[in-house]
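Subject: Handover of a structure for your review

Dear colleague,

Please find the structure below, with the sequence beside it.

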Amino acid sequence: MSLFDISQLSQSEIIAILDRADEMKKSPVGASYSGKAIVPMFFEPSTRTRVSFDLAASKLGAAVVSFDHRNSSSAKGETLRDTARTVGAMDPDLLIVRHEKAGAPEAVARWSGTPVVNAGDGRRAHPTQTLADLLTIRDHFGGFAGLRVGMVGDIVNSRVARGLLYCLPHLGASLVAVGPATFTPQEGIWDTDVSTDLDSVLGELDIVYLLRVQKERGGGLGYPSDGEFHKRFGLNDSRADQLKPGCVVMHPGPMNRGVEISDSLADGERSLIPSQVAAGVPIRMAVMARILDGAS
Ligand code: CP
């Protein structure tokens, strides 16, 4: 079975993946998946997701087969459908697909006849980032119930935001989406409060989850400038004074330092950003192992 979107997973399946990731952190599985072949197919740039999938596959003992789309026959005009059929005909065990078009991972799974993990498709979904964030939150707070989470910045263009907006209320946390009106969801679409005034909500938050302005997806159009964004919605030292003592700062990366977050907060004691990156490896091990084990 493929993983396209976090909403495919029940709450108990999510918790089981987090538990398995925790086990994998404690005891490496060795070469349990030797003989399995994984093909990461990234049609958009990535650092964290790509490297962590590769590392995770290697820790599982599986082979990672290189596919560089810029040097593939896509560059000669081959369609995504033909590329997927071609790769599928060689019978790999699992594909990891990132693509600018929402829905591309499902199409690749259908055309290739191979299970796919969605590594980010357009504005739609990035389920392994959501799971890495949930593992990071659970490791730090011990659970989710009662946490107040502020999602700040370009929410409507963010696939990462969508995953957390879907999951966190089911797990007992409450949310407030904060940003300019052009970046925040309409009231009532998600189970979240909405605010355009960061300073009025900062003091109530356990987690400030910052999001990059997604310029490659149209984010920022109609917004005056990075400097103006930072003035109204950036987390910096003067705003940090308003945070509760135990409040932590998260960001999926890549960060625009000086826009949504200042250096001192990105690198400071409140930052869980390195933990989010680290959580990506055991989470991707757990997700791939689940699929390779044949979970339905
Ligand atoms: N968070 C995330 O998806 O980062 P990359 O684009 O570097 O993979």
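Pro254 sits in the loop that runs between β9 (248-250) and α10 (263-266); helices (H or I, at least four residues) and strands (E, at least two) are DSSP runs, numbered from the N terminus. The peptide bond that joins Gly253 and Pro254 is cis, with omega at about -10°.

Please note that this is a predicted model, in which local features need pLDDT of at least 70 and side-chain atom pairs count only at pLDDT 80 or more, while totals for chains, interfaces and linings use all residues. Residues are numbered from 1 along each chain as its sequence is written, and side-chain values use heavy atoms, with hydrogens and water left out.

Arg257 in the loop between β9 and α10

Arg257 also belongs to the loop between β9 and α10. Is this residue buried, partly exposed or exposed? Arg257 counts as partly exposed because its relative accessibility is 41%; buried means under 20% relative accessible area, exposed over 50%, and partly exposed in between (1.4 Å probe, protein chains only). Setting aside neighbours within four places in sequence, Arg257 is in contact with Asp263, Ala266 and Asp267, where contact means heavy atoms within 4.5 Å. Two of these partners are also joined to Arg257 by polar contacts between side chains: Asp263 at 2.9 Å and Asp267 at 2.9 Å. A polar contact is a pair of N or O atoms within 3.5 Å; within protein, one must be able to donate a hydrogen and the other to accept it, and residues adjacent in sequence count only if both atoms are side-chain atoms. Arg257 and Leu235 are 22 residues apart along the chain, and their C-alpha atoms are separated by 9.9 Å.

His230 lies in helix α8 (residues 226-233) and is buried, because its relative accessible area is 16%. With which side chain does the side chain of His230 make a polar contact? The partner is the side chain of Asn236, at 3.3 Å.

Arg239 is placed in helix α9 (residues 237-240) and is likewise buried, with 7% relative accessibility. A polar atom of the Arg239 side chain lies 2.8 Å from the backbone oxygen of Lys231. Apart from neighbours within four places in sequence, the contacts of Arg239 include Leu198, Asp199, Leu202, His230 and Lys231.

In helix α4 (residues 104-112), the buried residues are Ala104, Pro105, Ala107, Val108, Ala109 and Ser112. An α-helix has 3.6 residues a turn, so residues three or four places apart point the same way. The cover over the buried residues of α4 includes α3, β3 and β4 (116-121). Just after α4, Gly113 has a positive phi of about 70°.

Asp91 has a positive phi as well, near 65°, in a residue other than glycine. Asp91 is in the loop between α3 (80-89) and β3 (94-99), and counts as exposed because its relative accessibility is 64%.

Gly61 occupies the loop between α2 (48-60) and β2 (63-64) and is partly exposed, at a relative accessible area of 25%.

The chain as a whole

The chain holds eleven helices and nine strands. Its C-alpha atoms fill a box of roughly 55 × 45 × 35 Å, taken along the principal axes. Of its 296 residues, 53% count as buried. Among the contacts with a separation of 6 or more, 74% come from residues 24 or more positions apart. The chain has 31 positive and 35 negative side chains, and the centres of the two sets lie 5 Å apart; Lys and Arg count as positive and Asp and Glu as negative, while His and the chain ends are not counted. The place of a charge is taken as NZ of Lys, CZ of Arg, CG of Asp or CD of Glu.

Yours sincerely
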